[in-house]
Amino acid sequence: KTEGPSPFDLAAQGKAAVSTGPTHESVLGQMNSTASVLGDLQTQLNNKNLNLRQSQKYLLRNKLTSANQNIRTAAQKTGADVGPPVQQFNRKNPVNKFLGLLADSQNQLSNAQTKIKELNSNGMSMNPGDLLLIQVKLAKAQQELEYSSVLLSTAVSDIKTLFNIQL
């Protein structure tokens, strides 16, 4: 027989630790970290020698579009005006399209942060369900953005390797 806590004991301890719900401050912190990831992605995309393979373009387009939709949904739940959805850019360069998605995501996060700060300063609160939904959408967006960041890091690393090869 093994000694130590049973799974039921661990579950009971976990319930006591999860007694508080999301707060305005926790959502603002999550928005700040998401904005930081967006800034890093913009920096990576501004590499002048960046050359993406078709599979990388496809993955980036899907991940960045999905992240943008999640961020727009989270911003809408805060009560911020999200405006019309991002138009698909007709430019030939896909990097410009990706930068447009990231810029829109930054704007949406900024509007949502402003709205939550207004609620804080007015002493108003949001529905805990909406705060939880915002956290879930932001977490999903962060996951997709971090995947995109890893993908771009690989592409930039490939470029550096190519330039270091001496013929």
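This is a predicted model: local features need pLDDT of at least 70, side-chain atom pairs count only at pLDDT 80 or more; totals for chains, interfaces and linings use all residues.
1. Helix 3 is made up of 25 residues, and the distance from its first C-alpha to its last is 36 Å, close to the 36 Å expected at 1.5 Å a residue. Buried positions in helix 3 are Q56, L60, L64, A67, N68, N70, I71, R72, A74, A75 and T78, and the helix is followed by G79, which has a positive phi near 100 degrees.

2. As for the overall fold, the chain contains five helices and zero strands, so that, read from the N terminus on, its elements follow the order α-α-α-α-α. Of the 167 residues in the chain, 35% count as buried. Among contacts in the chain with a separation of 6 or more, 89% are accounted for by residues 24 or more positions apart.

3. Helix 4 covers residues 94-121, and because its 28 residues should span 40 Å at 1.5 Å a residue, the 41 Å between its end C-alpha atoms agrees with that expectation. Just after helix 4 comes G123, which adopts a positive phi of about 75 degrees.

4. Which residues touch the most other members of the largest nonpolar core? They are M31, L45, L50, L52, L64 and L145, in a core that has 36 residues. The elements that contribute two or more residues to this core are helix 2 (24-45), helix 3 (54-78), helix 4 and helix 5 (128-164). As background, nonpolar side chains in soluble globular proteins tend to be buried together.

5. L64 deserves a separate entry, since this residue is one of the buried positions of helix 3 and is also among the core residues that touch the most other members. Not counting residues up to four places away in sequence, L64 touches L41, F98, L101, L102, L145 and S148.

6. The largest pocket holds about 160 Å³ of space, and its lining consists of L45, N46, N47, K48, L50, N51, L52, K57, N93, P94, V95 and L99. By class, this lining comprises six nonpolar, four polar and two charged residues, while the largest share of the lining, three residues, is supplied by helix 4.

7. When neighbours within four places in sequence are set aside, K77 is in contact with M126, D130, L133 and I134.

8. A103, found in helix 4, is likewise partly exposed, with a relative accessible area of 30%. Between the C-alpha atoms of A103 and Q42 the separation is 8.4 Å, the two residues being 61 residues apart along the chain.

Key: Residues are numbered from 1 along each chain as its sequence is written. Side-chain values use heavy atoms; hydrogens and water are left out. Helices (H or I, at least four residues) and strands (E, at least two) are DSSP runs, numbered from the N terminus. The expected span of a helix is 1.5 Å times one less than its number of residues. On a 1 Å grid over the protein atoms alone, a cavity is a set of points where a 1.4 Å probe fits but cannot get out, and a pocket is an open set with protein on both sides within 12 Å along at least five of seven lines; lining residues have an atom within 4 Å of a point. Grid points are joined across faces, edges and corners, and a volume is the space filled by probe spheres set on the points. Ala, Val, Leu, Ile, Met, Phe, Trp, Tyr, Cys and Pro count as nonpolar, Asp, Glu, Lys and Arg as charged, and the others, Gly among them, as polar. A nonpolar core is a set of buried Ala, Val, Leu, Ile, Met, Phe, Trp, Tyr and Cys residues joined through side-chain atoms within 4.5 Å. Buried means under 20% relative accessible area, exposed over 50%, partly exposed in between (1.4 Å probe, protein chains only). Contact means heavy atoms within 4.5 Å.
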